[in-house]
Amino acid sequence: MDKLLFIQDSSFSGSYSMHEALVHSCSSSVKGYGAYSFASKSGVDLLFNDKEFHELFEKEGYSLVVGIDEITNIECLESLNNLMVKVPNFSVRAFYHEDNGSLFHPKLSFFKDVTGGGSLLVGSGNLTFGGLRKNREAFSLISLSLDEYQRVENYWNKWVHEAQNHLKLIDDQSVVDRVSKNIYIRSHTVKKPLLEGEEESFEIRPPENAAPITEGWEFSGTNRVLLAEIPKSGDRWKQANFDLETFRHFFGAMPGDNSQRILLRSLSGDALLAPIEVRPSVSVKSQNYRFELDAATGLAYPTDGKPVGIFVQITTRMFLYHLFMPSHELYPEIIHRMNSLWRGRRDRMIRIVVEANEIFDLLDKSVFQHYKSA
């Protein structure tokens, strides 16, 4: 039994996320099982919409047990239900109990591979976006021999049998009623001032003209920032090419390792967050290293300059970005700053990595200002 300990921490250069470990284990498997105390829609969508899991669903599938004591909400259950409708061999049960003195609190997955052996991943991270990517978590990835895998699966089946009175369909009315009481994202709420004798309460809908909801995508002065000219690359500049140095040492990608997932999220001109873009590390024999950028969809490549992408690293392989076109009012200032910082050859695409505090004067004039932590 081989065991590997991983730390999910952006301050650790060797950080490997639980999300990537699950994708890696899933990619060589024929079936899997998991139990998590808390789940969120963003965590469910990130993990189970990955192509590796969809290939697993086409085989023997994946069985999930999710806790509903806290965090898990109606939006999450709807996402799980929609997946069960769309894909084969995906089953979900909620662990329902009425013991106020305890929580359903496991966090594990295990997988069977084509040899009959498999892998077990157990740690501190939940099935939430934070647990899979953003939080500081620790987890262990354990390889299982054929005999070891069989013992794990037998134990799971025995537990499921003994817990059957607690395992309910996620659309069971008792589950829906319990989950409806879970208010879990305080950043989506507005705290009301309390009157004398009044209990604390929260308003789910933010007030008009409120600042954009940042959803954990904030950054500070020590976060790294890439300013990069985007080449035309034929008629498909949406496939943004980068040099190996940037690909490996800024984005944290490893050429040829398709189990890695780079998370990109663009900011609109109104500073609103677009859906998360999950990108494998794509490299080709021509030594092009690229990521597809949804923000470039439908945009013609400019004739009077190169688009500039500003990418802020939130945590390991997770980036907030915005594309600045030559028509943008801030573009001349960005280009001037890039030229002043550039020490490379003038016939190369400019790519500069700095700490955010070195260019706060630029970021504070842009859509990024809303995502600067206090």
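**Sheets, salt bridges and confidence in a predicted chain**

Strands β13 and β18 pair in the parallel sense over four bridges, where pairing requires that DSSP find at least two bridges between two strands. Strands (E, at least two residues) and helices (H or I, at least four) are DSSP runs, numbered from the N terminus. This is a predicted model, in which local features need pLDDT of at least 70 and side-chain atom pairs count only at pLDDT 80 or more, while totals for chains, interfaces and linings use all residues. Residues are numbered from 1 along each chain as its sequence is written, and side-chain values use heavy atoms, with hydrogens and water left out.

**Six-stranded sheet**

- The order β14-β13-β18-β17-β11-β19 describes an open sheet of six strands with mixed pairing.
- Strands β14 (277–280) and β19 (351–355) stand at the edges with a single partner strand each, so one side of each has no neighbour in the sheet.
- From one strand to the next, the twist averages 25°; axes are lines fitted to C-alpha atoms, for helices over the stretch in contact, and angles run from 0 to 180 degrees between N-to-C directions.
- Strand β13 (residues 261–266) runs antiparallel to β14 and is joined to it by four bridges, and I262 has R279 in β14 as its bridge partner.
- Strand β17 (residues 308–315) pairs with β18 in the antiparallel sense over seven bridges, with Y321 in β18 as the bridge partner of F311.
- The hairpin of β17 and β18 has two residues between the strands, and R317 takes a positive phi near 55° there.

**Burial of β18**

- Seven of the seven residues of strand β18 (residues 318–324) are buried, so the strand is largely enclosed by the rest of the structure; buried means under 20% relative accessible area, exposed over 50%, and partly exposed in between (1.4 Å probe, protein chains only).
- Both faces of β18 are covered, with M318, L320, H322 and F324 buried on one side and F319, Y321 and L323 buried on the other.

**Eight-stranded sheet**

- Eight strands form an open sheet in the order β1-β7-β6-β5-β2-β3-β4-β8, and the pairing is mixed.
- At the edges are β1 (3–8) and β8 (167–169), each of which pairs on one side only.
- On average, and with direction ignored, neighbouring strands of this sheet are turned by 20° against each other.
- Strands β2 and β3 pair in the parallel sense over five bridges, and Y36 stands opposite V66 in β3.
- Helix α4 packs on the sheet and touches β3 and β4 (90–95), its direction making about 150° with that of β4; contact means heavy atoms within 4.5 Å.

**Salt bridges**

- Side chains of opposite charge can pair when their charged atoms come close.
- The count comes to 17 salt bridges, each defined as a side-chain nitrogen of Lys or Arg within 4 Å of a carboxyl oxygen of Asp or Glu.
- One of them joins E153 to K31, with the closest N and O atoms 2.9 Å apart. This pair links distant parts of the chain, 122 residues apart, with E153 in helix α6 (residues 146–162) and K31 in strand β2 (residues 29–36). Both E153 and K31 are buried.
- R178 forms a salt bridge with D69, where the closest N and O atoms are 3.6 Å apart. The two residues are 109 residues apart and link distant parts of the chain, R178 lying in helix α7 (residues 173–179) and D69 in the loop between β3 (62–67) and α4 (74–86). R178 and D69 are both buried.
- R151 forms a salt bridge with D147, the closest N and O atoms being 3.5 Å apart. Both residues lie in helix α6, four residues apart, about one turn of the helix. R151 is exposed, with a relative accessible area of 55%, whereas D147 is partly exposed at 48%.
- A network of salt bridges links K238, E277, R279, E292 and D294.

**Confidence**

- The chain has a mean pLDDT of 87, and 87% of its residues reach 70 or more; pLDDT is the predictor's confidence in each residue, from 0 to 100.
- Over residues 184–192 pLDDT stays under 50, and the model has 24 contacts beyond four places in sequence for this stretch.
- Over residues 200–210 pLDDT also stays under 50, with 20 contacts beyond four places in sequence in the model.
- Where pLDDT is low, the predicted coordinates should not be read in detail.
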